[in-house]
Amino acid sequence: MKPLLIFMVAALLFTSCKKSDYKTILHDPALYSRTVHELNRVVMGNNFTPVVASRNYAYATVAGYEVIAAGSPKQYRSLVGQLNGLQTAAKPPADQTIDYEYAALLAFCKVGEAVTFPEGSLKYYTDSLHNVAVQHGMPADEVHNSEAYAKAVVASIMAWSKKDNYLKTRSAPKFAINDVPGRWVPTPPLYGEAVEPHWGEIRTMVMHNAHEYSVPEPPLFNVTDKNSKYYHEVMYIKGAGDSLTHDQAHMADFWDDNPGKLNVAGHVQFISKKFSPPGHWLSIVGIGAKQVKADFNQTVYAYAKTAIALFDAFIESWTAKYTYNTARPETVINKYIDADWRPHLQTPPFPEYTCGHCTISAAAAEALTSALGDNVAYTDTSELEFGIKSRSYKSFRDAANENVWARFYGGIHFHNSCIVSNKYGKVVGDSVVVKLVMKK
Amino acid sequence: MGLLSCKQQPVLPPLFEQLPSAQTGVHFINRISDNERPGILDYLYYYNGGGVAVGDINNDGLPDLFFTANQKGGNKLYLNKGNYHFEDITQKAGIAGTTDWSTGVTMADVNNDGYLDIYVCAVAGKLNLKGHNMLYINNHDGTFTERSAEYGLDFSGYSTQAVFFDYNHDGKLDCFLLNQSDHSVAVYGDTVMRKTENKLAGSKLYLNQNGHFTDVTKKAGIYNSALGYGLGIAVGDLNNDGWEDIYVGNDFHENDYYYINNHDGTFTESGAKHFNHYSRFSMGNDMADFNNDGQLDIITADMLPAEEDVLKSYGGDESYDQYKFKITRNGFQNQYSRNALQKNMGNGEAFSDVGLMDGVYATDWSWSPLLADFDNDGIKDLFIANGIKRRALDMDYVTFVSNDQVQGMLNSNRGYDSVVLDKMPPGAVHSYLFKGNLNEKFTDKSKEWGMRDPGLANGAVYADLNNDGRLDLVTNNVNHEAGIYKNTSAKTPYLSLKFTGHQDNGFGIGVKAYVFCGGQMQYEQLMLTRGFQSSVEPRLHFGLGKNQKADSVLIVWPNQTGQLLKNVKANQQLTIDQHNAIGKFDYNRFFPSPKTVFKEITNTIYISWKHRENDFVDFNQQPLIPHMLSAEGPRMAVADVNHDGLDDFYICGARNQPGALFIQTANGDFKASPQPAFVADSASEGVDAVFLDANHDGFPDLYVASGGNELRNHSPELADRLYMNDGKGNFKRSANIPSIKLNKSAVAVADVNHDGYPDIFVGGAPDSFGFGKIPESYLLMNDGHGVYHQVAIPEELKHAGMLRSAEFADLDNDGWPDLVVAGEWMPVKVYLNKKGELIQQQQPAMNNLSGWWQKIALADVDGDGKIDILAGNYGNNSKLRPTVEEPLKLYLSDLDKNGTVDPIIAYGINQKYYTFLGKGEIERQVPLIKKKFLYFHDFAGKTVEQLFGDSLNDHKPLMAASFQSGIFYNKGKGHFEFKAFPASAQMAPLFGLNTFVAGHGKGVLAGGNFSGVLPYEGKYDADYGDVLFVDGNRDMESISPVLSGFLLRGEIRDIKIIKTAKGIIYAVAINNKPIRFFKLNN
């Protein structure tokens, strides 16, 4: 919560000035990025899975975007009619003064916490935004109008979100474990149930449906024929894991993004957390936006576009996962080759093919490239707060391409899966770029 | 201090009075700090604490005390100076210890000089811990000399505790050394690992060869792998063959071990054959005959919290699939996190965990269980020492320990930050005292008997510290002074026995004493190592209740010589000398087995058919369903289908298995009759079947009801099937019944309207995707041409409930068949046939007993000419134990308004209702819970109203007020009086019921068990078949299944009588197993 503390201290310092400088504070694109980061921490703190997190981010960022699109209709076009099922969004009353930046921040936070969170998780944050607005001179009626408009947009987005099958899939059948060789089974140390086996039933935002871009079948399970593609894949990842270089390990750790790694010491267990893969990419959006000196609106736009790509990419990958239900490398290696082999990263609890992280990274990179530009070189400092050194990239696509190797070196995805996933992630990201008209 | 108000109620002095150290002189403290290394994060047993050994080391007649401290040099020896005063003689005795980490301690006369020596276990060989196990030989002058190397007992590894006993009966004390593991519990391997020796973690068996202890572990068949998380050890003759067996309690996923002594110096681990499950996290244990039946039973301690607010924040929300994948699929036996009271059903053949019904299963983080008679009433009571410094399994700690702190800890090289440990909640709890009662039930007397204060007690012993005939208690506590609890109960007759054995085993370790007194028998075997890391005195203690003498005392020495003392006066310490023993004790002559009532004849009947349950998990489809409804077969139907005068039978198949017809041959055997029509319908699961002559051609036709709780409504596989018998042994499916494609559970047949044609009642079962709605049942009337039509029936029959069983019989002797139905969340219901109309007979007494009824059978049990109702319920041996005052409730609301009913079971405690399942399980289906209660502590201890509030109001909950099985005796005029089966038949849900007549005796046969439950509920497996004789007063007497000849294993689903050429036989249908056959042992 350090960023918030700094923010609040800053707010207090300025309180006594009574200057009308609220625009300086509230229209700062960095504030929007900090706000997304705050949501990111709440998502992490509350143990949401990466897929569910992608849903939180998508609706929240779309809410923010709808506000600025309404505020700057000449620059940005509303997503109404463009995203599946989004028929209407509240329009700002014509005769009122609204601070669209403030309203965008509020709409983002309110949808963010309403989608799945404990009630009021971000109230402390929106309260402090309100205080900043009031104490830094935003006229009372503008405060009121902005908040009322934010509320109306939140209601539109929430009404839309409720029809995406999320609630219905909560009662859907669980993934049943059986003994078919090569089929996914729970992995150590959590031995967790398969996460979100029905995520493919969630309404997509841009793709026509979850099956629009169907991946090819993975190599057929075969550990007896040493010349089989499957066996090669198994031995390739085992060999890589057995001889990881320092940089390969760093790469894997950097893209670990495990929001719930279980540490076990006898009866003592505890979960250590990092931002999830979509959380990591939202962090990259903030870094990229700052790098290209994007203004407030462009920053909001970049977040929304990336989050939409992440959302659809997860559905695309999860559909494949629960079509093929393939076992993780560690399961296969432990059973047939080496009982003591452990992957460098902890295996997350869902089927192996396709790689979710590779898919969503490629999709996000496409969206981000379209929103902020290609060949934006940057240093990704997202993992510093988890004690992992930063890495530098030539472009967003460069980062997504590295992710392919990171999951492989992490020992949790076969090489073929990473390649396929990167390719199909690009397709999903590209569809977002091509189909959505956002910045005019 | 004189400030007590006179308004205060007089508080009864507790049975045990904790004496202050100022009085006793015992200042021992086992000091453990969070801030040292090793700590809890690198040594998983860091908080396990130390042990106590009690014994008279200077032979002055007063038991002395030895305590182990984990940290180096902290062990203490106290000499008993009488009147609860002790002198610390540690320094003089030279016994403070030099190993870095001490654990268990036992006293034994290892060198056989008449003085007790002291053996202290150590953990060494990891985390820079150095040292080895210590053998302190008694120098007879209050000093000791460490001589472990000389004796071969200087093992250095991860030791927990040792037992000295003579396993090969060569007269000398051998040693079993229990070691603990540090194998990673992050990855569950399989049981193959048991075969891999681990030199530090593997347990050891040492043979005493002329004073030197030789490692014979491997040769003797003892596992010595890193899978042995040994924390509990008990030795005794469990199978009454005169030789000591070994029971090892293992922590984590390794199951406990039951080593049967082979009499030739070897053991065979045989747990899987005799135990159905164990405690999951087995800690200390004790072996004693708690129910005075002459059989040694076992109690194992685990860590299930008793208090709601702790229970619901405790880890353990494993799904059915996860559990199966981690435990049973890897070859481990079933195990559940709760104390297990393993009742020995007879000669160690079968053990039933009765911990739930006897009320001792949840005592929080428990270490030492000790069974002994503390109030001298002749029935053993139970003490359990409790408490953990920090609760590692607190779910909020597991999932929410501050990320920054964890990161800091994981990234720092300077070890573990105590800040992280501070977040782990403390786990001090009071120790438990249960009073044993005649009916095998234990009553929690912790408060009344003086165990009020929360503490951290690990090792514990009982001993009569002042020789006043009352057992006192001593505990070894973490960071608190040792507990000395003086027994202040009223003086009650007792008998204390000491032994003088043969030259090499002077204290007579292994001797057995049977005390006959006041119409009952008590039995104990002398074994010092008990509880957790502790050992008791070489004496046996018996309370005699109101009797001033024991009628007789039978002593059996390890070499099977014996002596019988008659009219032994109470209130004395008697020393019994082996020199006076004579002859060879023959257990079977002294305790002859009665002739069995039944005899198994399965191997004379050549049926290779086996029920094959399909691999379907209801919880994956409906996570909050109370239990599975898909594995409730097979049921059977019996009739003479080919008119040869011999009964034939049909047995239902599970899904994807055809039902099977067996035709009786002239010699009483059975032959499978292949029926293509059955094979064609194998995709349907048959849930019940009945023979009926639908077309009046004289040949029985077959009606099979379909169900299985797997398929969607309207699936073709759910249609029932009527198969017409052509008289030549061929069955063809008929279309003459309505095609009702819903789950069913039962079918019953009778000529309801007296038109000469059989009519059919079909009981409805819950929707496979919509548990909660009351299903519809049907009446199908025969139109006189063998065609059936569904007819309208009264609402109270149509929606009678979630039925499990239905039967017709003429209950009121009016010539018209009446209907009885039973099921879950409902009472047994009676519908009297009033000239073709089925009218519900309202009976308040019966209506009160809503239950989870599984099976009814109609028969005149008491021979009064009126048909009674045998009714199988869920039994009392469950975490769910509803009463009429506090029934179980099932709330059926759509909590998150997503169109699916979210069934929530709640139980009452002091009229407040709590969810049965925890937050983790419920929020899997209802994420709303997470939205409202992020932390487990926000959820834990809250009532259902507090948790769900208004969301619950849309339906009235369903109720279950009694899980007792029993008989509704027909008192005439439609009135019934319930009489519960004895406790032995309440140990599991009963699915099979029938009656028998043996000579002059009449009785009931029953069987059950059920495994379709969440691991948190735990499989029901305690029933081994029930034979109950019913006397003229309708009282029932049960016979142990081991002695009845009707010893069943598995999940019984039906018991049917078949008349054969050789007389009546009983067919027992078992889920996922072959059919077994029995007959009376005439």
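In the predicted model, 39 residues of chain B are in contact with 34 residues of chain A, two residues being in contact if their C-beta atoms, placed from the backbone, lie within 7 Å. The elements of chain B that give two or more residues to the side touching chain A are helix 6 (320–326), helix 7 (395–400), helix 8 (403–411), helix 11 (618–621) and helix 16 (928–932). Helices (H or I, at least four residues) and strands (E, at least two) are DSSP runs, numbered from the N terminus. Helix 8 of chain B gives the largest share of this side, five residues. By residue class, the side of chain B that touches chain A holds 19 nonpolar, 13 polar and seven charged residues; Ala, Val, Leu, Ile, Met, Phe, Trp, Tyr, Cys and Pro count as nonpolar, Asp, Glu, Lys and Arg as charged, and the others, Gly among them, as polar.

Residues are numbered from 1 along each chain as its sequence is written, while chains are lettered from A and ligands numbered from 1 in the order in which they are written. Because the model is predicted, local features need pLDDT of at least 70 and side-chain atom pairs count only at pLDDT 80 or more, whereas totals for chains, interfaces and linings use all residues.

Chain B contains 19 helices and 74 strands. Its radius of gyration is 31 Å, close to the 31 Å given by the globule rule for 1082 residues, so chain B is as compact as a globular protein of that length. The radius is taken over C-alpha atoms, and the rule is 2.2 Å times the number of residues to the power 0.38. The C-alpha trace of chain B spans about 100 × 75 × 65 Å along its principal axes. Of the 1082 residues in chain B, 58% are buried, that is, have 20 or more other C-beta atoms within 10 Å of their own, with C-beta atoms placed from the backbone. Among contacts in chain B with a separation of 6 or more, 61% are between residues 24 or more positions apart.

Strand 72 (residues 1052–1060) of chain B has seven of its nine residues buried, so it is largely enclosed by the rest of the structure. Strand 72 runs antiparallel to strand 73 (residues 1063–1070) of chain B, to which eight bridges join it; pairing requires at least two bridges found by DSSP. A hairpin of two residues connects strands 72 and 73 of chain B, and B:I1055 has B:V1068 as its bridge partner.

Elsewhere in chain B, four strands form an open antiparallel sheet in the order 10-11-12-13. Its edge strands are strand 10 (159–165) and strand 13 (212–215), each pairing on one side only. Strand 10 pairs with strand 11 (residues 174–179) of chain B over six bridges in the antiparallel sense, with B:Q161 opposite B:L178.

Chain A comprises 16 helices and four strands. The radius of gyration of chain A is 22 Å, which agrees with the value near 22 Å for a compact globule of 440 residues. Its C-alpha trace spans about 75 × 45 × 40 Å along the principal axes. Buried residues account for 56% of the 440 residues of chain A. In helix 13 (residues 329–336) of chain A, the buried residues are A:P329, A:E330, A:V332 and A:I333. These fall within an arc of 165 degrees seen down the helix axis, so they line one face of the helix; the arc is that of the directions from the helix axis to the C-beta atoms. The buried residues of helix 13 pack against helix 9 (229–242) of chain A.

Key
Buried ≥ 20, exposed ≤ 12 C-beta atoms within 10 Å, placed from the backbone.
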